[in-house]
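The following exercises are to be worked with the sequence and the coordinates at hand. Each task is followed by a solution in steps.

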Amino acid sequence: MVRKSQLFRRSRRENSDEPRDRRYTVKVSAEEDAQLQARAAVAGGITVPRLMFEAAMNANVETKTDRLEVLRNIYALQNALASVGNNVNQLAKFANTEGHVPSDAAATLQEVRRVARLVEAASREWERP
């Protein structure tokens, strides 16, 4: 059964004041075509060209390069966290051996907090939609 909202839905893009005289050709395999057809159907029965256009014009597009940059940042944070963890272990060993906390412990704990905030920010970046 066709819903009323589907009867009056515009199936084409809005008219443009400028001519649309540029064309792109994209070649896909049979499997990729089937995937595109399925996604277009799920997206409301739109055409594959419209699906591709809307996906390309989406401001939230994330490329492989973007994801690799996030991974690089996470690995850098992992190295920083390992370094800070080593400093914390040295402080704990000193405190256990000498019976008191060294004076530079506060700076190390500030560094721990700074790196923890960076890790939180990186994880939020990784989880973004």
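**Exercise 1.** Determine the angle at which helix 2 and helix 3 pack in this predicted model, and classify their relative orientation.

*Solution.* Two packed helices are described by the angle between their axes together with the distance between those axes. Step 1: the angle between helix 2 and helix 3 is about 80°, and their axes lie 9 Å apart. Step 2: angles of 65 to 115 degrees count as roughly perpendicular, so helix 2 is roughly perpendicular to helix 3. Step 3: to identify the residues that meet, list L36, Q37, R39 and A40 on the side of helix 2, and V48, L51 and M52 on the side of helix 3.

**Exercise 2.** Compare the span of helix 2 with the value expected at 1.5 Å a residue, and state which backbone feature occurs just after the helix.

*Solution.* Step 1: helix 2 covers residues 30–42, which amounts to 13 residues. Step 2: the expected span is 1.5 Å times one less than the number of residues, and for helix 2 this gives 18 Å. Step 3: the distance from the first C-alpha of helix 2 to its last is 18 Å, close to expectation. Step 4: just after helix 2, G44 adopts a positive phi of about 110°.

**Exercise 3.** Is T108 buried or exposed, and which residues does T108 contact beyond its neighbours within four places in sequence?

*Solution.* Step 1: T108 is located in helix 5, which comprises residues 105–127. Step 2: the relative accessible area of T108 is 13%; because buried means under 20%, T108 is classed as buried. Step 3: with those sequence neighbours excluded, T108 is in contact with N87, V88 and L91.

**Exercise 4.** Summarise the protein as a whole: its elements, its burial and its accessible surface.

*Solution.* Step 1: the protein has five helices and zero strands, in the order α-α-α-α-α from the N terminus. Step 2: of its 129 residues, 11% are buried. Step 3: the accessible surface is about 11400 Å², and carbon and sulfur atoms account for 53% of it. Step 4: among contacts between residues at least 6 apart in sequence, 50% join residues at least 24 apart.

Note on methods
Residues are numbered from 1 along each chain as its sequence is written. This is a predicted model: local features need pLDDT of at least 70, side-chain atom pairs count only at pLDDT 80 or more; totals for chains, interfaces and linings use all residues. Side-chain values use heavy atoms; hydrogens and water are left out. Helices (H or I, at least four residues) and strands (E, at least two) are DSSP runs, numbered from the N terminus. Buried means under 20% relative accessible area, exposed over 50%, partly exposed in between (1.4 Å probe, protein chains only). Contact means heavy atoms within 4.5 Å. Accessible areas come from the Shrake-Rupley method with a 1.4 Å probe; for residues, only the protein chains shown count as cover. Axes are lines fitted to C-alpha atoms, for helices over the stretch in contact, and angles run from 0 to 180 degrees between N-to-C directions. Angles under 35 degrees count as roughly parallel, over 145 as roughly antiparallel, 65 to 115 as roughly perpendicular and the rest as oblique.
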